[in-house]
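Me: I would like to learn how to read the features of a protein chain. Could you take me through them slowly?

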Amino acid sequence: MEEKETIKRQPEGIIFVISGPSGSGKGTVMEILRELYPEAGLAVSATTRARRDYEEEGREYFFKTREQFEQLLADGEILEHTVYNGNYYGTLKSEADRILGSGKDMLLEIEVDGAGQIKRLFGDRAVSIMLIAPSGEEQARRLRGRGTDSEEVIAQRVARAYEEIRQASLYDYVTVNETDRARECAEGILSVIRAEHMRSRRMADYIHDYFPDDEL
Ligand code: 5GP
(Lines give C-alpha, C1' and ligand atoms only; values in the text may rest on other atoms or scores of the structure.)
Protein backbone atom coordinates (compact mmCIF):
# COMPACT_ATOMS: atom_id res chain seq x y z
CA MET A 1 0.00 0.00 0.00
CA GLU A 2 1.19 3.47 -0.80
CA GLU A 3 2.46 5.39 2.20
CA LYS A 4 0.01 8.05 3.37
CA GLU A 5 1.08 11.62 3.19
CA THR A 6 1.58 12.74 6.78
CA ILE A 7 2.47 16.38 6.28
CA LYS A 8 -0.47 18.68 6.70
CA ARG A 9 -0.93 20.66 3.54
CA GLN A 10 0.33 24.19 3.93
CA PRO A 11 -2.74 26.41 3.95
CA GLU A 12 -2.64 29.49 1.77
CA GLY A 13 -2.18 32.70 3.67
CA ILE A 14 -5.01 35.20 3.39
CA ILE A 15 -4.36 38.83 2.49
CA PHE A 16 -6.05 41.25 4.87
CA VAL A 17 -6.17 44.74 3.44
CA ILE A 18 -6.81 47.25 6.18
CA SER A 19 -7.59 50.84 5.32
CA GLY A 20 -8.08 53.55 7.87
CA PRO A 21 -8.66 57.04 6.55
CA SER A 22 -6.62 59.68 8.39
CA GLY A 23 -8.06 60.24 11.85
CA SER A 24 -9.58 56.77 12.12
CA GLY A 25 -7.04 55.79 14.77
CA LYS A 26 -5.69 52.98 12.61
CA GLY A 27 -2.15 53.21 14.02
CA THR A 28 -3.14 52.19 17.56
CA VAL A 29 -5.55 49.52 16.38
CA MET A 30 -2.89 47.99 14.15
CA GLU A 31 -0.39 47.95 16.99
CA ILE A 32 -2.83 46.01 19.18
CA LEU A 33 -3.82 43.72 16.32
CA ARG A 34 -0.19 42.80 15.77
CA GLU A 35 0.14 41.90 19.47
CA LEU A 36 -3.03 39.81 19.29
CA TYR A 37 -2.00 38.13 16.06
CA PRO A 38 1.80 38.06 15.85
CA GLU A 39 1.78 35.16 13.36
CA ALA A 40 0.68 37.45 10.54
CA GLY A 41 3.26 39.25 8.43
CA LEU A 42 2.92 42.99 7.95
CA ALA A 43 4.10 44.10 4.53
CA VAL A 44 6.31 47.17 4.83
CA SER A 45 5.51 49.58 1.99
CA ALA A 46 7.79 51.82 -0.01
CA THR A 47 7.11 55.56 0.01
CA THR A 48 8.63 58.81 -1.18
CA ARG A 49 7.19 60.78 1.75
CA ALA A 50 9.68 62.23 4.26
CA ARG A 51 10.48 60.06 7.26
CA ARG A 52 8.89 61.22 10.53
CA ASP A 53 11.17 61.44 13.58
CA TYR A 54 9.88 58.28 15.23
CA GLU A 55 10.03 56.21 12.06
CA GLU A 56 12.79 53.80 11.10
CA GLU A 57 13.87 52.67 7.66
CA GLY A 58 12.42 49.22 7.00
CA ARG A 59 10.08 49.30 10.01
CA GLU A 60 7.28 51.73 9.10
CA TYR A 61 8.37 52.13 5.46
CA PHE A 62 11.22 51.72 3.05
CA PHE A 63 11.93 55.37 2.26
CA LYS A 64 12.73 56.01 -1.40
CA THR A 65 13.50 58.96 -3.64
CA ARG A 66 11.12 59.61 -6.55
CA GLU A 67 13.69 58.21 -8.95
CA GLN A 68 14.14 55.04 -6.92
CA PHE A 69 10.38 54.53 -6.66
CA GLU A 70 9.87 55.07 -10.38
CA GLN A 71 12.65 52.58 -11.08
CA LEU A 72 10.93 49.99 -8.86
CA LEU A 73 7.71 50.63 -10.78
CA ALA A 74 9.47 50.23 -14.13
CA ASP A 75 11.07 46.98 -12.91
CA GLY A 76 7.68 45.53 -11.91
CA GLU A 77 8.70 45.42 -8.25
CA ILE A 78 5.55 47.20 -7.01
CA LEU A 79 2.25 45.26 -6.75
CA GLU A 80 0.01 48.29 -6.32
CA HIS A 81 0.64 51.95 -5.73
CA THR A 82 -0.99 55.30 -5.33
CA VAL A 83 -0.13 58.96 -5.00
CA TYR A 84 -1.22 60.38 -1.67
CA ASN A 85 -0.57 64.05 -0.79
CA GLY A 86 1.90 64.22 -3.66
CA ASN A 87 3.92 61.21 -2.56
CA TYR A 88 4.13 57.69 -3.92
CA TYR A 89 3.17 54.78 -1.69
CA GLY A 90 3.36 51.19 -2.88
CA THR A 91 3.34 47.56 -1.83
CA LEU A 92 6.60 45.81 -2.64
CA LYS A 93 6.40 42.52 -4.48
CA SER A 94 9.37 41.33 -2.41
CA GLU A 95 7.39 41.82 0.81
CA ALA A 96 4.39 39.90 -0.53
CA ASP A 97 6.66 37.07 -1.72
CA ARG A 98 8.43 36.91 1.64
CA ILE A 99 5.23 36.76 3.68
CA LEU A 100 2.97 34.69 1.44
CA GLY A 101 5.87 32.39 0.55
CA SER A 102 6.07 31.38 4.21
CA GLY A 103 2.35 30.50 4.28
CA LYS A 104 1.49 33.33 6.65
CA ASP A 105 -1.40 35.73 6.42
CA MET A 106 -0.35 39.12 5.11
CA LEU A 107 -1.56 42.41 6.52
CA LEU A 108 -1.52 45.40 4.18
CA GLU A 109 -2.15 48.84 5.65
CA ILE A 110 -3.01 50.74 2.52
CA GLU A 111 -5.52 53.30 1.29
CA VAL A 112 -8.59 52.84 -0.90
CA ASP A 113 -7.00 52.91 -4.40
CA GLY A 114 -4.47 50.30 -3.36
CA ALA A 115 -7.14 48.16 -1.69
CA GLY A 116 -9.05 48.02 -5.00
CA GLN A 117 -5.91 47.06 -6.91
CA ILE A 118 -5.13 44.24 -4.45
CA LYS A 119 -8.71 42.92 -4.69
CA ARG A 120 -8.46 42.85 -8.48
CA LEU A 121 -5.07 41.14 -8.33
CA PHE A 122 -5.84 38.50 -5.71
CA GLY A 123 -9.62 38.06 -5.89
CA ASP A 124 -11.05 35.95 -3.06
CA ARG A 125 -7.69 35.57 -1.47
CA ALA A 126 -7.87 39.19 -0.32
CA VAL A 127 -10.28 40.42 2.35
CA SER A 128 -10.70 44.14 2.88
CA ILE A 129 -11.57 45.93 6.08
CA MET A 130 -12.16 49.65 6.50
CA LEU A 131 -11.71 51.27 9.87
CA ILE A 132 -13.54 54.54 10.49
CA ALA A 133 -13.79 57.10 13.28
CA PRO A 134 -17.21 57.32 15.02
CA SER A 135 -17.99 60.58 13.16
CA GLY A 136 -16.52 63.23 10.87
CA GLU A 137 -16.23 65.57 13.83
CA GLU A 138 -14.26 63.08 15.91
CA GLN A 139 -12.08 62.30 12.92
CA ALA A 140 -11.08 65.97 12.49
CA ARG A 141 -10.40 66.27 16.23
CA ARG A 142 -8.05 63.27 16.14
CA LEU A 143 -6.21 64.64 13.13
CA ARG A 144 -5.50 67.98 14.79
CA GLY A 145 -4.45 66.29 18.03
CA ARG A 146 -1.69 64.32 16.37
CA GLY A 147 0.41 67.44 15.88
CA THR A 148 2.73 65.89 13.30
CA ASP A 149 1.34 67.65 10.24
CA SER A 150 0.89 71.26 9.07
CA GLU A 151 -2.60 72.81 8.71
CA GLU A 152 -2.34 72.44 4.95
CA VAL A 153 -1.53 68.74 5.16
CA ILE A 154 -4.30 68.28 7.73
CA ALA A 155 -6.83 69.91 5.38
CA GLN A 156 -5.70 67.60 2.57
CA ARG A 157 -5.99 64.59 4.86
CA VAL A 158 -9.52 65.53 5.98
CA ALA A 159 -10.62 65.87 2.34
CA ARG A 160 -9.03 62.57 1.37
CA ALA A 161 -10.51 60.82 4.45
CA TYR A 162 -14.01 61.88 3.36
CA GLU A 163 -13.39 60.64 -0.18
CA GLU A 164 -12.21 57.33 1.21
CA ILE A 165 -15.16 56.87 3.55
CA ARG A 166 -17.51 57.46 0.61
CA GLN A 167 -16.05 54.25 -0.86
CA ALA A 168 -16.62 52.11 2.24
CA SER A 169 -19.20 49.96 0.45
CA LEU A 170 -16.42 48.56 -1.76
CA TYR A 171 -14.95 46.89 1.31
CA ASP A 172 -15.89 43.49 2.70
CA TYR A 173 -16.07 44.84 6.26
CA VAL A 174 -16.36 48.25 7.93
CA THR A 175 -15.61 48.72 11.60
CA VAL A 176 -16.02 51.80 13.80
CA ASN A 177 -13.07 52.58 16.03
CA GLU A 178 -14.87 54.10 19.03
CA THR A 179 -12.88 56.60 21.09
CA ASP A 180 -10.67 54.90 23.69
CA ARG A 181 -11.80 51.49 22.51
CA ALA A 182 -8.94 50.58 20.18
CA ARG A 183 -8.57 47.14 21.75
CA GLU A 184 -12.20 46.25 21.04
CA CYS A 185 -11.74 47.37 17.48
CA ALA A 186 -8.61 45.22 17.09
CA GLU A 187 -10.47 42.26 18.60
CA GLY A 188 -13.26 42.79 16.10
CA ILE A 189 -10.77 42.61 13.25
CA LEU A 190 -9.30 39.45 14.75
CA SER A 191 -12.79 37.91 14.74
CA VAL A 192 -13.02 38.69 11.02
CA ILE A 193 -9.63 37.06 10.47
CA ARG A 194 -10.71 33.94 12.35
CA ALA A 195 -14.03 33.73 10.51
CA GLU A 196 -12.36 34.13 7.12
CA HIS A 197 -10.13 31.15 7.93
CA MET A 198 -13.27 29.07 8.56
CA ARG A 199 -14.82 29.75 5.15
CA SER A 200 -15.78 26.42 3.63
CA ARG A 201 -13.86 27.05 0.42
CA ARG A 202 -10.70 27.63 2.43
CA MET A 203 -11.27 24.40 4.40
CA ALA A 204 -11.69 22.24 1.29
CA ASP A 205 -8.03 21.13 1.21
CA TYR A 206 -8.11 20.32 4.90
CA ILE A 207 -11.16 18.09 4.47
CA HIS A 208 -9.60 16.47 1.43
CA ASP A 209 -6.41 15.68 3.39
CA TYR A 210 -7.89 14.58 6.70
CA PHE A 211 -11.03 12.81 5.51
CA PRO A 212 -9.70 10.97 2.46
CA ASP A 213 -12.10 9.05 0.22
CA ASP A 214 -10.11 5.84 0.60
CA GLU A 215 -11.02 5.63 4.28
CA LEU A 216 -14.70 5.26 3.52
P1 5GP B 1 1.02 57.96 6.10
O2 5GP B 1 1.71 59.06 5.35
O3 5GP B 1 0.07 58.51 7.12
O4 5GP B 1 2.00 56.97 6.69
O5 5GP B 1 0.15 57.15 5.04
C6 5GP B 1 -0.75 57.79 4.22
C7 5GP B 1 -1.71 56.80 3.60
O8 5GP B 1 -1.01 55.93 2.70
C9 5GP B 1 -2.39 55.88 4.62
O10 5GP B 1 -3.77 55.81 4.28
C11 5GP B 1 -1.73 54.55 4.38
O12 5GP B 1 -2.59 53.47 4.69
C13 5GP B 1 -1.45 54.62 2.90
N14 5GP B 1 -0.40 53.68 2.48
C15 5GP B 1 0.70 53.29 3.14
N16 5GP B 1 1.40 52.41 2.43
C17 5GP B 1 0.72 52.21 1.28
C18 5GP B 1 0.93 51.39 0.13
O19 5GP B 1 1.89 50.64 0.03
N20 5GP B 1 0.00 51.47 -0.86
C21 5GP B 1 -1.08 52.27 -0.78
N22 5GP B 1 -1.93 52.24 -1.80
N23 5GP B 1 -1.30 53.06 0.28
C24 5GP B 1 -0.43 53.03 1.30
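Reply: Let us begin with pairing: two strands pair if DSSP finds at least two bridges between them, where strands (E, at least two residues) and helices (H or I, at least four residues) are DSSP runs, numbered from the N terminus. This is a predicted model, in which local features need pLDDT of at least 70 and side-chain atom pairs count only at pLDDT 80 or more, while totals for chains, interfaces and linings use all residues. Residues are numbered from 1 along each chain as its sequence is written, and side-chain values use heavy atoms, with hydrogens and water left out.

Me: Which residue in strand 6 is the bridge partner of Thr82?

Reply: The partner of Thr82 is Tyr89. Strand 6, made of residues 87-92, pairs with strand 5 in the antiparallel sense, and six bridges join them.

Me: In what order do the four strands of the open sheet lie?

Reply: The order is 4-3-6-5, with mixed pairing. At the edges are strand 4 (61-63) and strand 5 (78-84), each of which pairs on one side only.

Me: Which helix lies across strand 4, strand 5 and strand 6?

Reply: Contact means heavy atoms within 4.5 Å, and axes are lines fitted to C-alpha atoms, for helices over the stretch in contact, with angles from 0 to 180 degrees between N-to-C directions. Here helix 3 (residues 93-101) lies across these strands, and runs at about 30° to strand 6.

Me: How many helices and strands does the chain have?

Reply: The chain has eight helices and nine strands, and its C-alpha atoms fill a box of roughly 75 × 40 × 30 Å along the principal axes.
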